[in-house]
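Me: I would like to learn how to read a model like this one. Can you take me through the features in turn?

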Amino acid sequence: MGFIDDAKETAETAGRKLKDKWDDTTDRIGDKIDEAKADANVKKAEAEKESVERRNEVKENLRDS
């Protein structure tokens, strides 16, 4: 019975390690996705800012004319 118990314990340990590795991997993927979304939001905000600045410049030029 000792051999079977050892094999069972080894399999359970391997299963836990695989689960932990899977959880770590999914967390890392989630982190990268969050990072990409944040970068996209920054780029969108920068483009919006530039658009507003250009619009304001046009308005200012029209006022001066």
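Me: Start with the surface. What does the accessible surface of the protein chain come to, and what percentage belongs to carbon and sulfur atoms?

Reply: This is a predicted model, so every value here is computed from it. The accessible surface of the protein chain is about 6,300 Å². Carbon and sulfur atoms own 55% of that area.

Me: How many helices and strands are there in the protein chain?

Reply: Read the secondary structure before the overall form. There are one helix and zero strands. The radius of gyration is 28 Å, well over the 11 Å that the globule rule gives for 65 residues, so the chain is more spread out than a compact globule.

Me: What box do the C-alpha atoms fill along the principal axes?

Reply: The box is roughly 95 × 5 × 5 Å. Ala 7 and Val 52 are 45 residues apart along the chain, and their C-alpha atoms are separated by 67 Å. Ala 7 is found in helix H1. Its relative accessible area is 39%, which makes Ala 7 partly exposed.

Me: What share of the 65 residues is buried?

Reply: Use the cut-off here: buried means under 20% relative accessible area. Buried residues make up 0% of the 65 residues in the protein chain.

Me: Now charge. How many positive and negative side chains does the protein chain have?

Reply: Count both sets, then compare their centres. The chain has 15 positive and 19 negative side chains. The centres of the two sets lie 4 Å apart.

Me: Which residues gather in a patch of negative charge on the surface?

Reply: The patch holds Asp 20, Asp 24, Asp 27, Asp 31, Asp 34, Glu 35 and Asp 39. Take Asp 20 as an example. Asp 20 is found in helix H1, which covers residues 2-64. At a relative accessible area of 45%, Asp 20 is partly exposed.

Me: How many salt bridges does the count come to?

Reply: Begin with the general idea. Side chains of opposite charge can pair when their charged atoms come close. The cut-off is a side-chain nitrogen of Lys or Arg within 4 Å of a carboxyl oxygen of Asp or Glu. By this rule the count is four.

Me: How far apart are the closest N and O atoms of Lys 19 and Asp 23?

Reply: They are 2.9 Å apart, and the two residues form a salt bridge. Now check the spacing in sequence. Lys 19 and Asp 23 are four residues apart in helix H1, so about one helical turn separates them. Lys 19 is exposed, with a relative accessible area of 52%. Asp 23 is partly exposed, at 29%.

Me: Which residue forms a salt bridge with Glu 53?

Reply: The partner is Lys 49. Their closest N and O atoms are 3.4 Å apart. Both lie in helix H1, four residues apart, about one turn of the helix. Glu 53 is partly exposed, with a relative accessible area of 39%. Lys 49 is exposed, at 53%.

Me: Where do Arg 63 and Glu 60 lie, and how many residues apart are they?

Reply: They lie in helix H1, three residues apart, so about one helical turn separates Arg 63 and Glu 60. The two form a salt bridge, with the closest N and O atoms 3.2 Å apart.

Me: Is each of these two exposed or partly exposed?

Reply: Arg 63 has 58% relative accessibility and counts as exposed. Glu 60 has 39% and counts as partly exposed.

Note on methods. Residues numbered from 1 in each chain as written. Predicted model: local features only at pLDDT ≥ 70, side-chain atom pairs only at ≥ 80, totals over all residues. Heavy atoms only, no water. Patch = residues over 30% accessible without salt bridge, like charges linked within 9 Å, V, L, I, M, F, W, Y side chains within 5 Å. Areas by Shrake-Rupley, 256 points an atom, 1.4 Å probe, with all protein chains shown as cover. Lys, Arg positive; Asp, Glu negative; His and termini not counted. Charge placed at Lys NZ, Arg CZ, Asp CG, Glu CD. Helix = DSSP H or I, 4+ residues; strand = E, 2+ residues; numbered from the N terminus. Buried < 20%, exposed > 50% of the residue type's maximum accessible area, 1.4 Å probe, protein only. Rg over C-alpha atoms; globule rule 2.2 N^0.38 Å.
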